[in-house]
Amino acid sequence: MDESTLISTYFDRRRDRRKDVILGIGDDAAVLRPEPGFDLVVATDSIAEGTHFPPGIPAAAIGHRCLAVNLSDLAAMAAEPLWCTLALSLPQADPAWVGEFATGLFALADRYAVSLVGGDTVRGPVGATVTILGRVRPEGAVRRSGARPGDGIWVTGHPGDAVAGRLLLAEATHGAAATVLRHRFLYPEPRVREGRLLAGLATAMLDVSDGLDDDLRKLLVASGVSAELDAGELPLSAELRSVRGAQAVECALTGGDDYELCFTMPSSGDARLREVSAHWPVPVTRIGTIVPGSGARWRLHGQPLSIPDTTFRHF
Ligand code: ADP
Ligand code: MG
């Protein structure tokens with residue numbers, strides 16, 4: 001049974017849901033309304049050694065990552081992160097390791113003024129689960145389901161860098177490009193400020209964690225639409241091109257761990273997007289258009305592009 005069937009079969013009990021659940025299972029985060037006037041946004045993501053990162057990476061990178069992946073889910077809702085909890089699993093209590101982990105975690109938490117307010121610590125394989133809580137103005141959350149025909153499809157940053165960086169961890173390749181790409185995998189930068197600025201502009205949004213093509217298809221299914229995309233428009237970084245050459249496009253489409261935002265927006269928002277994105281640390285690039293129908297059609301240099309299904313699946 002695959003992951004999404006398992007969740008929808010055993011855990012998604014929509015009928016029994018409380019009235020204050022505005023948005024439940026199925027998006028990047030849940031939206032809850034404990035009181036009128038304030039929407040609470042909640043997400044949980046786990047990372048495990050061997051599944052989400054290889055053994056032996058710096059403890060600081062694991063501390064950074066377990067929070068970054070959760071911040072990214074809140075960013076995808078255009079929410080402001082506020083608090084988090086941490087459940088940490090460790091084979092042994094090595095103070096040097098835990099100290100480094102905490103340094104990585106808090107360096108990121110402090111940048112976004114997120115407070116760690118609880119958690120759990122247990123013996124087990126190396127892994128961490130963070131639950132993050134944040135807020136949006138009522139109806140301010142951007143869901144996956146709002147894309148409409150005619151909307152442009154946009155992506156932040158340089159998808160593909162992270163998977164190239166992960167592959168380079170196992171290689172001795174030297175040079176500036178390899179160093180940049182390894183850093184992109186080890187310290188993903190969640191697009192929290194960018195996501196919040198897209199509230200009121202983006203019609204649908206998600207974060208790219210499993211690979212741009214795979215994640216975009218989730219947005220298309222949730223919105224009940226199709227997409228025409230041009231792989232020639234992909235914002236491939238110079239580092240990715242220099243290290244992966246002809247495989248750079250495939251990295252950008254199927255490699256995971258980018259933690260960039262993919263969103264849709266009617267062209268009436270183009271001028272405003274140029275304005276708000278002028279000071280972003282990363283580019284924002286239009287890669288396609290929403291059309292009626294289902295599925296995604298990629299083209300490269302005018303020719304249809306079929307995309308290998310290499311997406312990682314837990315089950
Ligand atoms: P993401 O990749 O954005 O973190 P996932 O693919 O992990 O999202 O999860 C898809 C949806 O299913 C999310 O809304 C998530 O909250 C929900 N979900 C995942 N696992 C469970 C579970 N065991 N119980 C309830 N909901 C779950
Ligand atoms: Mg997500």
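This is a predicted model: local features need pLDDT of at least 70, side-chain atom pairs count only at pLDDT 80 or more; totals for chains, interfaces and linings use all residues.
Local features need pLDDT of at least 70 and side-chain atom pairs count only at pLDDT 80 or more, while totals for chains, interfaces and linings use all residues. Residues are numbered from 1 along each chain as its sequence is written, and side-chain values use heavy atoms, with hydrogens and water left out.

Let's start with helices H4 (residues 161-169) and H5 (residues 176-186), helices being DSSP runs of H or I with at least four residues, and strands runs of E with at least two. Their axes, lines fitted to C-alpha atoms over the stretch in contact, come within 7 Å and cross at roughly 105°. H4 and H5 are therefore roughly perpendicular (65 to 115 degrees).

Now to the aromatic pairs (ring centres within 6.5 Å, using the six-membered ring of Trp): the whole structure has two. Trp-97 and Phe-101 are stacked (planes under 30 degrees apart), at 5.5 Å centre to centre and 20° between the planes. Both lie in helix H3 (residues 95-111), four residues apart, about one turn of the helix. Phe-101 is buried (under 20% relative accessible area), at 2%.

Trp-154 and Phe-263 are also stacked, at 6.4 Å and 5°. This pair links distant parts of the chain, strands S7 (residues 152-156) and S10 (residues 260-265), 109 residues apart. Trp-154 is buried at 11%, and Phe-263 is buried at 0%.

Notes:
Chains are lettered from A and ligands numbered from 1 in the order in which they are written. Axes are lines fitted to C-alpha atoms, for helices over the stretch in contact, and angles run from 0 to 180 degrees between N-to-C directions. Angles under 35 degrees count as roughly parallel, over 145 as roughly antiparallel, 65 to 115 as roughly perpendicular and the rest as oblique. Rings of Phe, Tyr and Trp (its six-membered ring) pair if their centres lie within 6.5 Å; planes under 30 degrees apart count as stacked, over 60 as edge-to-face and the rest as tilted. Buried means under 20% relative accessible area, exposed over 50%, partly exposed in between (1.4 Å probe, protein chains only).
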